[in-house]
Amino acid sequence: MQYYDEIFRFAYYMTGSEDAACDCTQETFLRLIRFYDTYVEKRKFKAWLFRIARNVCYDYFRRQKEVPSEDVTLGRMPDKAEPDRNLRHLERGQVIRAALEKLPRMQRDVVILRFYHELSIKEIAIITDSKIPTVKSRLHQSIGKLRHLLNEEELI
């Protein structure tokens with residue numbers, strides 16, 4: 001399938017588990033088949049498919065009796081065996097999220113799409129309806145601003 005690898009990568013990123021990502025990916029495509037007749041906007045198929053995948057991942061967490069934290073949606077799940085490391089990871093994640101929130105929306109979107117969803121510059125340009133040089137510029141500017149903001153927090 002055309003989008004299988006992307007959906008798997010997204011599910012793995014969301015769940016932090018290869019087994020859960022496999023299950024969520026399969027469920028995503030089952031729901032795609034089940035609800036395809038409700039799909040209206042043919043131009044935005046990829047966004048619709050990713051929305052299904054996100055909902056499947058959230059359903060996975062509900063079945064596990066866990067609520068996905070921001071750390072799950074922005075990186076790997078913390079390791080339960082190392083509480084001190086988890087606390088540092090959570091604190092660092094909160095500082096990074098706070099720094100991201102200080103960026104202008106277009107710069108923040110480019111950073112999230114590039115580093116959290118591992119999309120190419122070309123894909124980001126298509127998603128944001130921008131030209132490739134504009135995406136590169138926004139990415140460069142946002143990295144500089146993040147570096148400055150994180151240096152203030154002494155994380156870099």
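## Exercises on rings and a core

Tyr4 is partly exposed, at 30% relative accessible area (buried is under 20%, exposed over 50%, partly exposed in between; 1.4 Å probe, protein chains only). The model is predicted, so local features need pLDDT of at least 70 and side-chain atom pairs pLDDT 80 or more, while totals for chains, interfaces and linings use all residues. Residues are numbered from 1 along each chain as its sequence is written, and side-chain values use heavy atoms, without hydrogens and water.

**Exercise 1.** Work out how the rings of Tyr4 and Phe29 are arranged, stacked or edge-to-face.

*Step 1.* Rings of Phe, Tyr and Trp (its six-membered ring) pair if their centres lie within 6.5 Å; planes under 30 degrees apart are stacked, over 60 edge-to-face, the rest tilted. That rule finds five aromatic pairs.

*Step 2.* The centres of Tyr4 and Phe29 are 5.9 Å apart and their planes at 20 degrees, so this pair is stacked.

*Step 3.* Now look at burial: Phe29 is buried, at 8% relative accessibility.

**Exercise 2.** Do likewise for Tyr39 and Phe45.

*Step 1.* Their ring centres lie 5.7 Å apart with planes at 85 degrees, so the pair is edge-to-face.

*Step 2.* Tyr39 is buried at 8%, and Phe45 is buried at 19%.

*Step 3.* Ring pairs join Tyr39 and Phe45 with Tyr3 and Tyr36 in a cluster.

**Exercise 3.** Which residues does Phe45 touch, beyond its neighbours within four places in sequence?

*Solution.* Phe45 is in contact with Tyr3, Leu32, Tyr36 and Tyr39 (contact means heavy atoms within 4.5 Å).
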